[in-house]
Amino acid sequence: MDAILSQMEGPEGALILIEALGVLGNALRQQGFYRAAEPVLRRAIEIAEQDPNPDALPGALNKFGMLCKYAGRFEEGAVVYARALALVQERHGEMHPMAATLYHNIGGLDHARGTFAAGEPPARRAWEIRRELLGDEHPDTLADACAHGGLLDGLGRHAESKAIYLRALAVYERLYGPEHFEVAATLHNLAAAEALEDGAAAERCYRRALAIKGKLLGEDHPEWGLTANNLAVLLNERGQREEAARLLQQAAAVMDARLETGHPLRELTRANLARSG
């Protein structure tokens with residue numbers, strides 16, 4: 001698109017370029033290359049700011065907000081999401097897929113920074129919108145349900161979250177098979193909900209999630225490191241200290257390599273490693 005955009009007439013070329021930059025930036029983010037993703041996603045926003053299509057900018061802002069969350073830049077992400085949501089509501093109102101997506105991500109941002117009470121209402125609103133638009137068992141609806149479950153966990157409402165995760169897990173395995181990222185993410189969340197009452201069940205869920213993430217993403221990805229960290233904390237509590245220490249060392253090395261100094265996940269794994277010693 002960079003090579004041919006100047007030769008094109010009409011708005012389609014810019015829209016294709018915005019979409020291409022968004023896909024590339026998301027791919028870099030999903031691989032854990034947050035620094036490389038930033039200039040790509042910023043460029044998409046800059047082009048969208050000038051695009052006459054009013055739906056181009058909220059999508060570009062949303063992708064950059066997701067990067068802010070994973071990079072630990074929560075305040076910047078909150079501003080970006082708020083701007084995108086206002087644009088969508090002004091043009092489409094509440095009952096729109098992008099509004100649901102933004103409410104989902106706003107809740108996820110609060111989950112990441114530990115402000116669970118603030119994040120629960122937007123996460124619940126995302127689930128409500130998506131259920132009305134797509135029904136109870138659509139994968140997007142289940143993703144919103146699980147995101148809401150994460151906020152419920154933070155508020156100590158584990159019985160409610162566990163029911164959400166079990167239902168989502170059954171549907172994901174039916175739709176995608178046993179080795180899909182959504183399966184791994186749901187197992188990770190289910191393990192956290194199980195940990196207070198059934199340590200053995202939580203360990204099984206974490207181990208399965210870790211194996212799937214390792215296969216799909218590699219053992220040098222922050223998502224793998226997060227599950228390794230959580231499993232290690234659980235193993236330490238269950239007296240399996242040698243394996244816990246090894247996993248924490250691996251998790252800390254991954255976070256140090258991939259995340260900026262001061263990132264909450266980097267600090268978390270280092271603190272857990274220090275306590276385990």
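I began with G25, which I found in helix α1; helices here are DSSP runs of H or I with at least four residues, numbered from the N terminus. A word on the source: this is a predicted model, where local features need pLDDT of at least 70 and side-chain atom pairs count only at pLDDT 80 or more, while totals for chains, interfaces and linings use all residues. Residues are numbered from 1 along each chain as its sequence is written, and side-chain values use heavy atoms, with hydrogens and water left out.

**Entry: G25**

I looked up the cover on G25 and got a relative accessible area of 0%, so G25 is buried. The scale I use calls a residue buried under 20% relative accessible area, exposed over 50% and partly exposed in between, with a 1.4 Å probe and protein chains only. I then checked G25 against E38: their C-alpha atoms are separated by 7.2 Å, and the two residues are 13 apart along the chain.

**Entry: the second largest pocket**

Next I went to the second largest pocket and noted a volume of about 160 Å³. A pocket, on a 1 Å grid over the protein atoms alone, is an open set of points where a 1.4 Å probe fits, with protein on both sides within 12 Å along at least five of seven lines; lining residues have an atom within 4 Å of a point. The volume is the space filled by probe spheres set on the points, which are joined across faces, edges and corners.

Which helices each supply at least two residues of this lining? I wrote down α1 (12-30), α2 (34-49) and α3 (56-70). Among the lining residues are L15, I18, L41, N53, D55 and K63. By class I have 6 nonpolar, 3 polar and 3 charged, counting Ala, Val, Leu, Ile, Met, Phe, Trp, Tyr, Cys and Pro as nonpolar, Asp, Glu, Lys and Arg as charged, and the others, Gly among them, as polar.

**Entry: a surface patch**

I4, M8 and I16 form a nonpolar surface patch, with about 240 Å² of accessible area together. Patch members have over 30% relative accessible area and no salt bridge, and nonpolar side chains (Val, Leu, Ile, Met, Phe, Trp, Tyr) are joined within 5 Å. The areas come from the Shrake-Rupley method with a 1.4 Å probe. I16 sits in helix α1 and is partly exposed at 43% relative accessibility.

**Entry: salt bridges**

How many salt bridges does a search of the whole structure find? I got 27, taking a salt bridge as a side-chain nitrogen of Lys or Arg within 4 Å of a carboxyl oxygen of Asp or Glu.

I looked at E128 and R125 and found their closest N and O atoms 3.3 Å apart. Both lie in helix α6 (residues 116-134), 3 residues apart, about one turn of the helix. E128 is partly exposed at 30%, and R125 is partly exposed at 26%.

I turned to K162 and E194, whose side chains meet at 3.2 Å, N to O. This pair links distant parts of the chain, with K162 in helix α8 (residues 158-176) and E194 in helix α9 (residues 181-194), 32 residues apart. K162 is partly exposed at 28%, whereas E194 is buried at 11%.

For R266 and D256 I noted 3.0 Å between the closest N and O atoms. R266 lies in helix α13 (residues 264-276) and D256 in helix α12 (residues 241-258), so the pair ties together parts that are 10 residues apart in sequence. R266 is buried at 18%, while D256 is partly exposed at 23%.

Technical notes
Patch = residues over 30% accessible without salt bridge, like charges linked within 9 Å, V, L, I, M, F, W, Y side chains within 5 Å.
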